[in-house]
Amino acid sequence: MNKIITAEFLATDIKRFVIEAPKIAAKRKAGQFVIVRTDQTGERIPLTIADSNIEQGTITIIVQGIGKTTKAINQLNTGDFFLDVVGPLGKPSHIENFGTAISIGGGVGAAIAFPTAVALKEAGNHTIVINGARTKDLVLLETELKEVADEVYITTDDGSYGYHGFVTQKLQELIESGTKIDFVLSIGPIPMMRAVANTTKPYGIKTVVSLNPVMVDGTGMCGGCRATIDNKTVFVCVDGPEFDAHLVDFDLLTKRNRTYNQSEKAALEKHLCNYDKVFSDALVEELVNQ
Amino acid sequence: MPVLTKKERMQIPRQPMPEQAPLERNKNFLEVNLGFTEELARMEAQRCLQCPKPVCVEGCPVGVQIRDFIKLVGEGDFLGAAAIIKEDNALPAVCGRVCPQEEQCEARCVMSAKHDAVAIGRLERFVSDYEREKIGIRTPQVKPKTGKKVAIVGSGPAGLSCAGDLIQLGHDVTVFEALHEIGGVLIYGIPEFRLPKNIVKAEVDALKTLGVEFQTNAVIGLTDTIDELFENGYHAVFIAVGAGLPYFMNIPGENFNGVYSANEFLTRVNLMKAYKFPEYDTPVFDCKNKNVAIFGGGNTAMDAVRTAKRLGAKNAYIMYRRSEKEMPARLEEVHHAKQEGVEFVFLTNPLEFLGDENGWLRGVKVQKMELGEPDASGRRRPVPIPNSEYRTDLDMAVVAIGNGSNPIIQKTTPDISYNKWGNILVDEATMKTSKQGVFAGGDIVSGGATVILAMGAGRTAAKAINNYLTNSEAR
């Protein structure tokens, strides 16, 4: 059982949890993840560790409520408990002083990329952050990132805040403006990571993406998280989660991530029906419309 | 019961195991075997000749005093019999269900020369169930505390049997488990219908009563390294992490949706209870009215195919590249699978999985095989028959061809010696590794084997660890 020290929404349906997990806090490095479970019937959900505090023995995770389980997690509040938290899993990010490094995050990935941006800065890089959101209300951690990075660019798809356009358009501009870029890390939705890979490839810029496939145990035991990198099968949980973006088979990744779409849809509908009994019609309406 | 002559004993037939009817059980996850009644157990026990030199014991990796417990069963002293078994076996209700007795104790039974062997496994199961159901599992006396602490890495059969022995010898024992439940393969691998999880839980609870501590969600190598366990005050470490890295066949199409490792398929269904989806959140491929094939011929393959059948598969195939005779699965499992409607396709080797544009499995291209000369394993090598390829429609496939060694400990503890496959090298007599105070046993040493062999390794290690701790070699 791991106690939730603080729980707060960063944006609609995106919640930040600071949880008691002293061993993981002491051990974890940027790029690693935990697997959490909320209750006896719950799924095991892999989540990147977004931050940690060794003195207080806490780690931070950021959860976007998409399916039944992540929506259920986001119902948890300060003082509640996670039934299970295991980690730190996966290999740490490879961090060094590359020169100029760009951390690109999209959606909830913007928050998840935060620790890597910190680590890149600490390693001596001129650190640029590009964070993309659909709209102004979904922009994450802008203040925190500005404290850390040398340059921060916020992009919104609808132009409601910052740069109007996708993260890749901003990236392309930076490249074309002659900024010498030595390293790019990208975390976010698969289409975004693929677009970043396609943008940097012609310029030969070393680019790394953090993959988040379907997982069960997270320790190499099940092989459910397999992906193809450089035409070879890997287990993302033990061989990753970070890989050379130019070698990832994004098509396969996209298809495999759809394996349980039908089941998840059914589970979510049932979940929302159950809430119907407990919560107001308005809340159910709100959840369904998201 | 009257005292029988040897001849009379030999004339009693081996008592059959009552079981759920095949076409009923292949639709539920309840246990297939129902267990002996008291009458059946006493009758079966009468068949034991009470040999002066019981060779059956030599066939038991943990050395259960088989003759002696069966004598008490014959006399109706079932609780006494249970106590005898527990002197040597920390998990009797588990072993009575999943041990391959026909290759071990029962293979040595002198009755098996001319008649059928005494059903030792069924009797073991009966007495341990009897004790648990009638009075609850009794725990043996524990020796005075030694002040020594042992860390056991992995809560599968090797770890649990080692823990059971060491706690009785007075050492403090903590078992570290990476998953959220205790039992390792007994929980995630072996299905409910063959080994009900409440039985595993009861035997684990008995170890807790004895004082064994369990820490779930602890991935040793990541959460703590082996060196950190010593820093945290443990005097010895037993690594029993099993063979936890599934092999795939490395054929085209293996990453299509619907292709599983046996580990993933069984873990979803057993540990995560996907057979109760959506009551439980974790899904698994919906097998209802689908064509399903399992590739492999071991017990894990049988578990997977019988699970698929229970999930509603229309056609559930075992595809195996050798013939029936070479299959490593227990005869009982093969027999049960056949009764339940599983179709066996022998001498058939997959060449390529075929899928659709959305990445879903649609079929498999296979090749017929014939048996050639014996290979290193002593089994006749399957050789492809030219121009024998054909296609079978499939919606789900499970690859059950075994497991390699998990890399996490090796990566974080390079000062232990490993072989080229990542198995830990040990002194066979003591299970000592090349690192001081570190012992290892079970599948991480032997490669994929059985529950009872892992338990035997756990017991051997417990003896060696006890020697190590009491001879104060420990740092």
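Me: How many salt bridges are counted between domain 1 of chain B and domain 2 of chain B?
Reply: This is a predicted model, so treat what follows as computed from it. A salt bridge needs a Lys or Arg side-chain nitrogen within 4 Å of an Asp or Glu carboxyl oxygen. Between domain 1 and domain 2 of chain B, the count is 1 salt bridge.

Me: Which residue forms a salt bridge with B:Arg459, and how far apart are the closest N and O atoms?
Reply: The cut-off is 4 Å. B:Arg459 pairs up with B:Asp88, and the closest N and O atoms are 3.3 Å apart.

Me: Which element gives the largest share of the side of domain 1 of chain B that touches domain 2 of chain B?
Reply: Two elements give two or more residues to that side, α5 (78-88) and α6 (92-98) of chain B. The largest share is 6 residues, and it comes from α6(B).

Me: How much area do domain 1 of chain B and domain 2 of chain B bury between them?
Reply: Contact involves 21 residues of domain 1 and 23 residues of domain 2 in chain B. Carbon and sulfur atoms carry 73% of the area buried between these two domains, and the total is about 1,900 Å².

Me: How much area do chain A and chain B bury between them?
Reply: The contact takes 41 residues from chain A and 46 from chain B. On carbon and sulfur atoms lies 54% of the buried area, and the total for chain A and chain B is about 3,600 Å².

Me: Which residues of chain A lose the most area to chain B?
Reply: Three residues together make up 18% of what the chain A side buries. They are A:Met221, A:Arg226 and A:Tyr260.

Me: Which residue of chain B forms a salt bridge with A:Lys68?
Reply: Between chain A and chain B the count is 3 salt bridges. For A:Lys68, the closest N and O atoms are 2.5 Å apart, and the partner is B:Asp281.

Me: How many charged residues are on the side of chain A that touches chain B?
Reply: The polar contacts between chain A and chain B come to 24 residue pairs. By class, the chain A side has 13 nonpolar and 13 polar residues, and its charged residues number 15.

Methods
Residues are numbered from 1 along each chain as its sequence is written. Chains are lettered from A and ligands numbered from 1 in the order in which they are written. This is a predicted model: local features need pLDDT of at least 70, side-chain atom pairs count only at pLDDT 80 or more; totals for chains, interfaces and linings use all residues. Side-chain values use heavy atoms; hydrogens and water are left out. Contact means heavy atoms within 4.5 Å. Buried area is the accessible area (1.4 Å probe) that two parts lose on being put together, summed over both. Helices (H or I, at least four residues) and strands (E, at least two) are DSSP runs, numbered from the N terminus. A polar contact is a pair of N or O atoms within 3.5 Å; within protein, one must be able to donate a hydrogen and the other to accept it, and residues adjacent in sequence count only if both atoms are side-chain atoms. Ala, Val, Leu, Ile, Met, Phe, Trp, Tyr, Cys and Pro count as nonpolar, Asp, Glu, Lys and Arg as charged, and the others, Gly among them, as polar.
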